[in-house]
Each structure stands twice: as C-alpha cells, then as structure tokens.
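I set out to record, entry by entry, what I looked up in this structure. The model is a predicted one.

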Amino acid sequence: MQKKRGPAPEGKVYKRPNGKYQAQIIIDGVSHSQTYPNKAGAEAYLRRMRKSSQRPDRIDQQIEAEKLTLVQAVEQRIEALGGPQGDEAEICKRLRRLAKNVGAMGDMRMNAIMVADVAAFRDERLALGNAPNTVCSYISSIATTYAWLEEHHSLGLENPALKVSRPKEIKKRPKNESERAIRVRRRLHKKRLNPEMESVLLEAAVSVQANRRSKLAFAKLIQFAIETTMRLAEVADVHWDDIIWDENQIHIPFTKNGEERSPCVWPSTMDLLEELDPQEEGRIWASKSTISKTWGLVREQAAMELEARGRTFLAKRMRAFRFHDLRHEGICRLFELTNLTERQIAEITGHKTSAMLWHYAKSLRTEAIAKELAKAQGVDWAPKNRTKATEVVAEIILPISPDWRHISRDRARLEALVWSRPIRDVALDMGISDVAVHKACKRLGVDKPPRGYWLERERRVAT
C-alpha cells in the first residue's frame, strides 16, 4: 500500500541583497531553491513544487525539469525526434538554428524567461539584419518548445513567446518596376494549362523518357496528377495495394492535414493504371525527389520548344508552372466538366472548407459558363478563334477501350482474345500498346501463340 502523504510543504520567498527573490522549499527533508528576478516568478515556482510534492513518482522528474535552460530543452526535443524524415527533419533544422543563434537567453532557465526577454531577443535579431520571417521562425520554435516541455513534464509554465508581437514583413514594390511589368508578372502566375501548353508538356515528357533521361512514364504521371488532384507527396507515396479496383478509388493514407481519404477517380485513371502493368505491392511512380527532378527537365524542355515556336510568353508561363499547379488544373476541370457539388469535389481533393476549395477554383474558364447560359435560351454557342489541342495529345493518350480493364483481369477472356487474332490487332482494337497486352498475359499466366503462328495459319488457309 502506498504511504499516505501529509500536507504539501509551504516554502518561503526571501528577498536577496541584490534585489532578486529566492524561493526555498523542503520536500522529504531535501531543500530545493531557485532565484528569480521578481517575486511572482519565485511564488510560481513554489506553487509548482508544492503540487509536484504530492506525486512521489514525478517529483524527481519535476526537479530536473525546473533546472532546464532553453538550449537544454531544445536539445532534448531534437533528441526525442531522433532521425526523422519529412516535416520533422525541417523542425530539427529550425531547432538547431535557434540553439545556435539564441544568444544569452539560451543559458536562462525556461521558468525564468519572461516576455521582455523574448522581445529583447526579437529586437536583437532584427538589428543584426535578420528577415522578419526568420525572426518569426525563431519565436515559433521557442513557443513550440514550451508546448513540448509542458506536454512531457507538465511544469505549468507560461509561454512568453505567445505574448510577444511578431514583426510583419512589408512587401514593397521595386522602384524600377513599371505598372506594365507588374501586370505581366501577375499574368505569368496564372495556374491554368492552355491546350498548346499541355500538348507541348506531354510531348516533352515522352521525349525525356525516350532519350533515357528518365525511366518514368512521365506523360502518364502528369495525366494521373491532373485527374486525381493529388499533391506531389501524395503522388509519390501511392502504392499498388492502395488501389481499390472494384470501386474506382485510391486510398491515400498520409495527407497534408493528417487525415487519410479514399477519393473516387475518373475511369480513364484506372485504365491508365492498368496499362502500367499493376503489381502486387510497391510504389507506383517514384520518390518525391525523383519526380521533382524529372518535372524540372520536362518543364524546361517544354519551355524551350515553345520558344522555338515563337511563343515567348507561353514559355515564360511554362517556366513559372509548378507541379502543384497540376492539382489546380485538375480541380478546375472537376468544376467545369462535371456536375458534382462542392462537397463531392472536396471529398476528392481533401479540402476541409469551401473557402480553400474556391481558392483553387478561382480561375475557371468562361467557356463552360457561356455555353450553359446559351443553352438555357436554346442557343447553340461555341467559342471562336480558340486554339485547339494539337494531335500530339491524341497520340500520347490513346482512347482506351473500357472493356480492356475487365479483360486484362480475366484470364479466360484474355486467353481467348489473344488466340483469336494477332496481339498487334488486339492492342489496336483496345487502344493500348502491344507491350501492355504482353504484360497482361505475363501477369495472368496466359500462354500466347508462338512466333510465326499467324503466318503459318494464313498459309494453311491459302492452300
């Protein structure tokens, strides 16, 4: 039976000759004391120690935590994170930078740091020429370190970093930048792909793969990113066992907001995955860094092609086009090409609020709206003088037959198909490559006609 503890010790606060205040308390016959610049800090220390004295299993941890300096707390937090990847690696990087540049405040105990100390640190870093965003990052790291310390040690400390006003960055217009240059710069950041840009981009993706600069089927990856509206990290992390074939869904276990989702996708997306020769497990595409590197190659080659055609402005837009803008394009197409509600589209994109969803869908093309208005009055309207997509798109993205998806997973039907006519004719009828047919046969264990079988059969029929 645990021994019943008596009343909590009171402790005392003494004013020292130097004007500071010393808090002293005796717990289980052992004296503990700390000195603070003001009486309020000393009294708060006594309150925390009295509360901890009622928990014998926590008192030693509490006493050690009360002695932690800011740098020591930061180092403990870095050690607790271990060898992280992704966002946690960025947190460790920021904490190391804080420990290196925190100055004299790093040697102060966490329970002795006041709002004025954090404000003085802020002013010091600004005076040294640090950017406002950098200083805000320092203050945020201090605030999260206090939160981490409270979570693990329950000190009950006030978080002084939350009470400090943070500097705001004022974006000033360059003096030599004209109004026309500003308008051009804003137009360059339009997130939509026009048909010419898309066809050149897909052509560049095929060229990069053909020249063996990348093993990725990047033209299909671009189509996949647009149709699924996935972020780059989500595209890189999707595996074959995340595909729900029977329900036209893709399970995304790790997302930006930390909540998994299983959005429905276009039938053409499932056909595209079928053509890639599905595996039992493993990553579908490649790592995030590999996709980013290949995207840079494809985008630059597409921009150079547009410059060679004399489309200088489109080339500038192409160089400003990010992989994340493919998500923007896909969301806009969901609004333009479907009658889905905002809530249904949000289920696909993963947005939590309609405000964030409309942030992506704020540049919808007006043709669809004009067509609907004309249709309401019984007028057949079509846009004039619009550049149509070139034939390159049709060559890259073939119209795949909807029957192929079912045939490629049915061993009996596939075997009957490949023995009914040459594989080249089968591929032509299904809108796929003959390589895709061979891969499907290999996956299902289907025996194919031997080499020369159809020539010998034609010879026999002729005789």
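**Entry 1: helix H11 and what follows**

I take helices as DSSP runs of H or I with at least four residues and strands as runs of E with at least two, numbered from the N terminus. Residues are numbered from 1 along each chain as its sequence is written. As this is a predicted model, local features need pLDDT of at least 70 and side-chain atom pairs count only at pLDDT 80 or more, while totals for chains, interfaces and linings use all residues; side-chain values use heavy atoms, with hydrogens and water left out.

Is H11 mostly covered or mostly uncovered? I found H11 (residues 267–275) mostly covered, with seven of its nine residues buried. Buried means under 20% relative accessible area, exposed over 50% and partly exposed in between (1.4 Å probe, protein chains only). The buried residues in H11 include Met270 and Asp271.

**Entry 2: partners of helix H9**

I recorded that H9 and H11 pack at an angle of about 150°, with their axes 10 Å apart. The axes are lines fitted to C-alpha atoms, for helices over the stretch in contact, and the angles run from 0 to 180 degrees between N-to-C directions. H9 and H11 are therefore roughly antiparallel to each other; angles under 35 degrees count as roughly parallel, over 145 as roughly antiparallel, 65 to 115 as roughly perpendicular and the rest as oblique. On the H9 side the contact (heavy atoms within 4.5 Å) involves Lys220, Gln223, Phe224, Glu227 and Thr228, and on the H11 side Ser268, Thr269, Leu272, Leu273 and Glu275.

I then turned to H9 (residues 218–228) and H14 (residues 324–337), which pack at an angle of about 50° with their axes 6 Å apart. That angle makes H9 oblique to H14. Here Ile222, Ala225 and Ile226 of H9 meet Leu326, Glu329, Gly330 and Arg333 of H14.

**Entry 3: positive phi in loops**

Most residues other than glycine have a negative phi. Thr229 sits in the loop between H9 and H10 (232–237), and it counts as buried because its relative accessibility is 0%.

Asn248, also not a glycine, has a positive phi of about 55°. Asn248 lies in the loop between strands E4 (243–244) and E5 (249–250). With a relative accessible area of 15%, Asn248 is buried.

**Entry 4: side chains to backbone oxygens**

Which backbone oxygen does the side chain of Thr294 reach? I found that of Thr290, at 2.9 Å. A polar contact is a pair of N or O atoms within 3.5 Å; within protein, one must be able to donate a hydrogen and the other to accept it, and residues adjacent in sequence count only if both atoms are side-chain atoms. Thr294 belongs to H12 (residues 288–308) and is buried, at 5% relative accessible area. Its C-alpha atom is 8.2 Å from that of Leu216, 78 residues apart along the chain.

Ser199, in H8 (residues 195–210), has a polar side-chain atom 2.9 Å from the backbone oxygen of Glu196. Ser199 counts as buried, at 1% relative accessibility.
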